[in-house]
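Grab a pencil and open the viewer. Here are a few exercises, each with a solution worked in steps.

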Amino acid sequence: MTYQDTVNWMFKQLPMYQNQGKTAYKANLDNTLLLAKYLNHPEDKFKTIHVAGTNGKGSTSHMLASILQEAGYKVGLYTSPHLKDFRERIKINGKDVSKQFVIGFIHKHKSFFEANSLSFFEMTVGMAFDYFSRKKVDIAIIEVGMGGRLDSTNIITPEVSVITNIGLDHTQFLGTTLEAIAVEKGGIIKPNIPVVIGETQIETQSVFKSLAKKNHSEIYFADHNIDKVFESDLKGFYQQRNIKTVLQTIKVINSKFFNISDKNLKQGLLNVVKNTGLKGRWQILQNSPKVICDTAHNKEGLKYVMNQLLNENFNQLHIVFGVVNDKDVDSILPLLPKEAIYYFCRPNLPRGLDATKLHDVFVSNGFKGNVYQSVEEALNSAKQYAVTDDLIYVGGSTFVVAEII
């Protein structure tokens, strides 16, 4: 199979949350443990940092990778979802896994995957761990896909566990309260392994303290412990919280046997995009008119982005907007500015929400805008109507941003 054939097979043959939603979710780690044993436990052959949370885990993971690269380490980075190419999920020192490795891994193990009905995410995690093991990385930053306790990545024993924050996202799997979701995400806390919490929240603080105590784990609340933050090339206001989380995490691993200087910290934070290839976080695509995109897609993430958006100088705001069909649209409506002109579109994947349905919900709540057949068409229309001192924002879903980046 060619690389494209291989990736198509992975996407089409197997349940994948990104495409299917709830039916792809598995409530145990049996398959992942089976795969790890079959691959001779590659996850035990390199050091890791495990990163969970509702918002900011992708940015936090990339910042950590960038800093460790600046300190001279060979750094694996596993994240999801990807924006353009599947290989973005698995990187070493900012370089995507090779097409040849992806083809070879699937070809070699395809019969095992089929015999055991492994999901897209399970096999991808196995691929990442096998790749990092073979390439002998010094450390890998492993981002949780969803939740934590039952996530396929949760077979590692990291140097430190990181939980950025807790919000009401993926409630159909993780629970309908912040406390319940905290229990799921707190499932990455391991016996005697320190844990860093990015944001102290009244509803979740006691949950994390209890889990840490039960596991005899040192617990650090980054927003309480870190006062000084360094500048970063990631310019979203919300990154200030992630930077504190990152600085606390580096402090913890430095106390083990890592050697990361303040210079490494500063350079790592200033060169996240260059070192790791991260895209879609408050990314300015053009000026005059200014076009900004961001992958924020839930209530907490959009709240920060909208605050920053409204601090920009502009004449008229144009918003290109699309979501997936399990999104609680009613919960995000109060965060969005009614004075903007909206360009409703459907991200191009099976669980993208129909743009007409999205339009109808918005219009019935006093918003104005039109429906477009694709994200690209919506953005082109916004550019056509916008004048030089207007502002265009593209967002609502990672998959909307992926189509125009």
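**Exercise 1.** Which residue in strand 12 is the bridge partner of Phe-321?

*Solution.* Before you start, note that this is a predicted model, where local features need pLDDT of at least 70, side-chain atom pairs count only at pLDDT 80 or more, and totals for chains, interfaces and linings use all residues. Residues are numbered from 1 along each chain as its sequence is written, and side-chain values use heavy atoms, with hydrogens and water left out.
- Step 1: find strand 11 (residues 317-321) and strand 12 (residues 341-344), which run parallel and share four bridges. Strands are DSSP runs of E, at least two residues, and helices are runs of H or I, at least four, numbered from the N terminus; pairing takes at least two DSSP bridges.
- Step 2: look across from Phe-321, and the partner in strand 12 is Phe-344.

**Exercise 2.** Trace what follows strand 12 in its β-α-β unit.

*Solution.*
- Step 1: the unit goes from strand 12 through helix 16 (residues 355-363) to strand 13, and is right-handed (clockwise from first strand over helix to second, with the strands pointing away from the viewer).
- Step 2: strand 13 (residues 368-371) pairs with strand 12 in parallel over four bridges, with Tyr-342 opposite Gly-369.

**Exercise 3.** Find the residues that touch the most other members of the largest nonpolar core.

*Solution.*
- Step 1: a core joins buried (under 20% relative accessible area, 1.4 Å probe, protein chains only) Ala, Val, Leu, Ile, Met, Phe, Trp, Tyr and Cys through side-chain atoms within 4.5 Å.
- Step 2: among its 35 residues, pick Phe-113, Met-127 and Phe-132.
- Step 3: helix 6 gives the largest share of this core, nine residues.

Conventions:
Buried means under 20% relative accessible area, exposed over 50%, partly exposed in between (1.4 Å probe, protein chains only).
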